[in-house]
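Student: Could you walk me through how to read a model like this one? I'd like the general idea each time, then the case at hand.

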Number of protein chains: 2
Amino acid sequence: MDTTQRTDQQRSAERRRRELLEAADRVVLRDGPQASMNAIAAEAGITKPILYRHFGDKGGLYAALAKRHTDALLSSLRAALDAPAARRERVESTLDTYLAAIEARPQVYRFLMHPAESTGTDQGFDVGKHSAPLLRRMGEDLAQVIEERVDLGPGSQQLARVWGHGIVGMMHAAGDWWLGERPCSRAELVRSLADLLWGRLAAAGDKVGGPGF
Amino acid sequence: MDTTQRTDQQRSAERRRRELLEAADRVVLRDGPQASMNAIAAEAGITKPILYRHFGDKGGLYAALAKRHTDALLSSLRAALDAPAARRERVESTLDTYLAAIEARPQVYRFLMHPAESTGTDQGFDVGKHSAPLLRRMGEDLAQVIEERVDLGPGSQQLARVWGHGIVGMMHAAGDWWLGERPCSRAELVRSLADLLWGRLAAAGDKVGGPGF
DNA sequence: TACGATGTGTTACTTGCGGTAACAGGAGTC
DNA sequence: GACTCCTGTTACCGCAAGTAACACATCGTA
């Protein structure tokens, strides 16, 4: 087994792995997150044990699948975050990038975030272990950018992390709700969220009667 | 079957139901969300079919279980939100109420929000369908309070809803991260989040070099 | 007192999933 | 030709959800 051959084998294995992931992608996007290993194997034109040899278990397959989409999303967010522009503009552009992504591929989004929406027997992918990581990674990324760019005085690192996770959570929850109800345009949503971050809640006056919220 | 007897039967059924829910609670809090129907039945001292007669299916049991905790949490949040105090104080007190709740009973919290953290075969409760409702209800509640109390000018209803869901998401994500890492005290977290909502991100200066985030 | 209706409980089963042996070629290597 | 991997299969195990069919008690009624 010389080096060349080993490389060939590795290449072949990687190609196979990609093919399997693409098949899994198709099935998951078609059948939802409760797609069974059997179904995925069938879509790929093979049988279960091969999947298990490649991915260990269902969680491994899921993780591999999630990583692809997650990496893609994170890198586009990072680009928006790093663009040369004023802070407000960047915030809006990042929000918009995220919302555009979930709007464009809601199936992928639902897979990553709400995997357990099974229509059948609830044998869904275990998303709990994996949706959190996406949010966490986004939160940490954002925290890093905030800490690098914004002057927050003492305790800035911790503050940045709280804000990173908080802002990501805000974006996520609002996006999730918006995706379900579509109560307004994407641009309006972006603007509303940016306004919130810009302190409009604190600046607004009370309504008549009582001390106000 | 006269009225008296019907009432007796109903009473008995309701009592039984409560007992079953309490048993389910114990098992879920002990074994995590992957608790099997068999295990719950055993804890209650009966067998599976009775559970199914009472709750229809596993999702029904879950929903009943979740409703109890959800209602309790929502009512305490509502109290904090409706207290007679200045806006900032209310916001902080509501955040603190939520965080105190998840801190005090992390098992319940994890059950409601991250049900799929199974250690075994991932046969967990289907939480995806139910964690969202809790967040949604919190978001709608908050939106309602904002709209009632804060003067936001035209488009206020929509703005309030966006903010309601966004703020709840912020609180949730930050709380989830904080609960896992405990990077600071609860009071510090509350203060940091309130500062974020009060526009400190927009007000902060840039760090040296570049246009800043 | 015998009798059917109703609610509570059981055992035993089916179905369907994740996951795993154990076996069957095929392609290079000594 | 035997040896070793790699890819692929069939056939199975274990386990959990959910269901059918049966058994016992209780109680109003003829």
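Tutor: Here is a short tour, from the overall chain to helix packing, a few loops and the DNA surface. Keep in mind that this is a predicted model.

Student: How many helices and strands does chain A have?

Tutor: Chain A has 10 helices and two strands. Read from the N terminus, the elements of chain A go α-α-α-α-α-α-α-β-α-α-α-β. As for burial, 38% of the 213 residues in chain A are buried.

Student: Let's zoom in on one helix. Which residues of helix H2 (residues 37-44) of chain A are buried?

Tutor: First the general idea. An α-helix has 3.6 residues a turn, so residues three or four places apart point the same way. Now the case here: the buried residues of H2(A) are Ile40(A), Ala41(A) and Ala44(A). They lie on the same side of H2(A), because they cover an arc of only 100° around the axis. Just after H2(A) comes Gly45(A), with a positive phi of about 80°.

Student: And pairs of helices? What do I look at?

Tutor: Two packed helices are described by the angle between their axes and the distance between the axes. The crossing of H4(B) and H5(B) is right-handed.

Student: How do H5(A) and H8(A) cross?

Tutor: The axes of H5(A) and H8(A) come within 11 Å and cross at roughly 40°. H5(A) and H8(A) are therefore oblique to each other. The crossing of H5(A) past H8(A) is right-handed.

Student: What is the phi of Arg182(B)?

Tutor: Phi of Arg182(B) is near 45°, again a positive value in a non-glycine residue. Arg182(B) sits in the loop between helix H8 (156-181) and helix H9 (186-197) of chain B. With 11 other C-beta atoms within 10 Å, Arg182(B) is exposed.

Student: Now the DNA. Which residues come nearest to DNA strand D?

Tutor: There are 20 residues around DNA strand D, and Thr47(A), Pro49(A), Ser36(B), Met37(B) and Lys58(B) come nearest. By type, the residues of the surface near DNA strand D split into seven nonpolar, eight polar and five charged.

Student: Which helices supply at least two residues of that surface near DNA strand D?

Tutor: From chain A, helix H1 (3-31) and helix H3 (48-55); from chain B, helix H2 (37-44) and helix H3 (48-55). The largest share, four residues, comes from H1(A).

Student: How far is Met37(B) from Asp57(B), C-alpha to C-alpha?

Tutor: Their C-alpha atoms are separated by 9.4 Å, with the two residues 20 apart along the chain. Asp57(B) belongs to the loop between H3 and H4 of chain B. Asp57(B) is partly exposed, because 13 other C-beta atoms lie within 10 Å.

Notes: Residues numbered from 1 in each chain as written. Chains lettered and ligands numbered in written order. Predicted model: local features only at pLDDT ≥ 70, side-chain atom pairs only at ≥ 80, totals over all residues. Near = placed C-beta within 6 Å. Nonpolar A, V, L, I, M, F, W, Y, C, P; charged D, E, K, R; others polar. Buried ≥ 20, exposed ≤ 12 C-beta atoms within 10 Å, placed from the backbone. Arc of directions from axis to C-beta. Left-handed = near helix turned anticlockwise from the far one by under 90°. Axes fitted to C-alpha atoms, helices over the stretch in contact; angles between N-to-C directions. Parallel < 35°, antiparallel > 145°, perpendicular 65-115°, else oblique.
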